[in-house]
Amino acid sequence: SGEGQVRNADVQRAASSALRHISHFEKTVVYSREVRFLIDEKDAVVNPVGVFGRQLDVCLYVLTARAEHVENWQRAVSRARLKKGVPVLSILSSVYGVLNETERKGKYLVWDLGRDILNAAVFDHGALREYIGSPFRSASVADMMEWTAQTCQKICEAAPGIERVVLFGKKLGTKDP
């Protein structure tokens with residue numbers, strides 16, 4: 001709001017404004033995280049608080065879901081008489097269930113090979129950086145592994161510095177990485 005020092009309230013206002021532009025009637029934002037900020041259309045920063053400028057733009061990582069799915073989730077939570085239900089990506093619950101805190105501190109490509117959906121995520125120091133979810137309808141584990149290997153190579157090229165690739169899920173017949 002004019003020239004001056006960026007405050008926490010300015011960051012929150014920029015993020016909520018960006019989320020309003022993303023929202024649609026058929027889509028609901030399930031998860032969002034600020035990735036970086038742009039001050040006066042030229043200076044890219046990770047944390048703009050305390051920096052002086054006129055204009056603050058935000059780059060967000062956003063995950064959306066169909067509104068009908070979110071409504072079904074909310075109805076299920078209500079019927080179960082829970083105070084609050086938080087939808088969580090299966091890959092997040094898997095990562096926190098399989099990898100310990102020390103293992104989550106590096107940069108990893110994690111695959112959760114479910115029965116009909118293959119989930120991949122790049123985690124960097126405990127934070128979700130990229131997510132890919134893909135339906136996979138082949139009954140052949142060999143086909144799935146070939147597709148996974150090809151996709152893994154593309155992801156590693158796009159996100160350099162990945163230290164380890166972890167695979168787990170029902171398709172492998174085990175929950176252990």
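1. The largest pocket comes out at about 630 Å³, the space filled by probe spheres set on grid points joined across faces, edges and corners. A pocket here is an open set of points on a 1 Å grid over the protein atoms alone, where a 1.4 Å probe fits, with protein on both sides within 12 Å along at least five of seven lines. Keep in mind that this is a predicted model: local features need pLDDT of at least 70 and side-chain atom pairs pLDDT 80 or more, while totals for chains, interfaces and linings use all residues. Residues are numbered from 1 along each chain as its sequence is written, and side-chain values use heavy atoms, without hydrogens and water.

2. Who lines that pocket? There are 19 lining residues (an atom within 4 Å of a point), and Val 30, Thr 64, Ala 65, Val 70 and Pro 87 lie nearest the centre. β2 (27-39), β5 (56-66) and α2 (67-79) each give at least two of the lining residues; helices (H or I, at least four residues) and strands (E, at least two) are DSSP runs numbered from the N terminus.

3. Now helix α4. Met 144, Thr 148, Thr 151, Cys 152 and Ile 155 are its buried residues, buried being under 20% relative accessible area and exposed over 50% (1.4 Å probe, protein chains only). They fall within an arc of 115 degrees, taken from the directions from the helix axis to the C-beta atoms, so they line one face of α4. Exposed Ala 142, Lys 154 and Glu 157 sit on the face turned away.

4. Asp 112, in strand β6, is buried, at 10% relative accessible area. Its contacts (heavy atoms within 4.5 Å) include Ser 90, Asn 119 and Phe 168.

Terms used:
Lists of a residue's contacts leave out its neighbours within four places in sequence.
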